[in-house]
Amino acid sequence: ILGIIATIALFVPIIAVYLIIIELAGNATDLAAIDQSYVYTLGFICLGAVGAFGVFLYASLLLSHIAAFNILYDIRIKLADNLSRLPMGYFTKTSTGEIKKVMSEDVERLEEFIAHHIPDVTSAIMFPLLLIIYLFIVDWRLALAALVPFPIAIAFQVIMFSSPAS
């Protein structure tokens, strides 16, 4: 949830800059007619949104790391509990290095996925969705024109990933 809020906060400056451009372009012939307080307000909203993005992203990553470490702790406790129930013959066939690798390195790989990939994937999905929704709000023709490359890009990726590596 914090990652989604951070993504929304990252999107706010785009809208604010768009509104600033509309204000400046609308009064390009008469610069005195530009509402400076409106432009300054939008500029401060941009700064505030960037600050909010930093705070929410930090909180998101902090909580995802805490969750990851708690999950890793629980997994290691359960692995140790399962190891204590294994027959002694298992330990004569399996090296201590292999057991240590599973308890340490293999479990540690989960931390990167939980702590980093989940917030990143959430943001990577939300930002384009917000952008497309906003493009449809601004101008549906512009949104459709922006969506044209997506099927083409997906087709190229499917072709690239399905072809055998040489």
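Analyst: Let's start inside. The largest nonpolar core is made of 6 residues: Ala16, Ile20, Ile34, Val39, Leu42 and Cys46. Here, a nonpolar core is a set of buried Ala, Val, Leu, Ile, Met, Phe, Trp, Tyr and Cys residues joined through side-chain atoms within 4.5 Å, and buried means under 20% relative accessible area (1.4 Å probe, protein chains only), with exposed over 50% and partly exposed in between. Both α1 (2-26) and α2 (36-85) supply at least two residues of this core, and the largest share, 3 residues, comes from α2. Those helix names follow DSSP runs (H or I, at least four residues), numbered from the N terminus.

A word on the source: this is a predicted model, where local features need pLDDT of at least 70 and side-chain atom pairs count only at pLDDT 80 or more, while totals for chains, interfaces and linings use all residues. Residues are numbered from 1 along each chain as its sequence is written, and side-chain values use heavy atoms, leaving out hydrogens and water.

Now zoom in on Cys46. Setting aside neighbours within four places in sequence, Cys46 is in contact (heavy atoms within 4.5 Å) with Pro13, Ala16 and Val17.

Pro13 and Ala16 are also among the buried residues of α1, along with others including Phe11, Ile20 and Glu23. The buried residues of α1 pack against α2 and α4. As for the helix itself, α1 has 25 residues and reaches 36 Å from its first C-alpha to its last, close to the 36 Å expected at 1.5 Å a residue (1.5 Å times one less than its number of residues).
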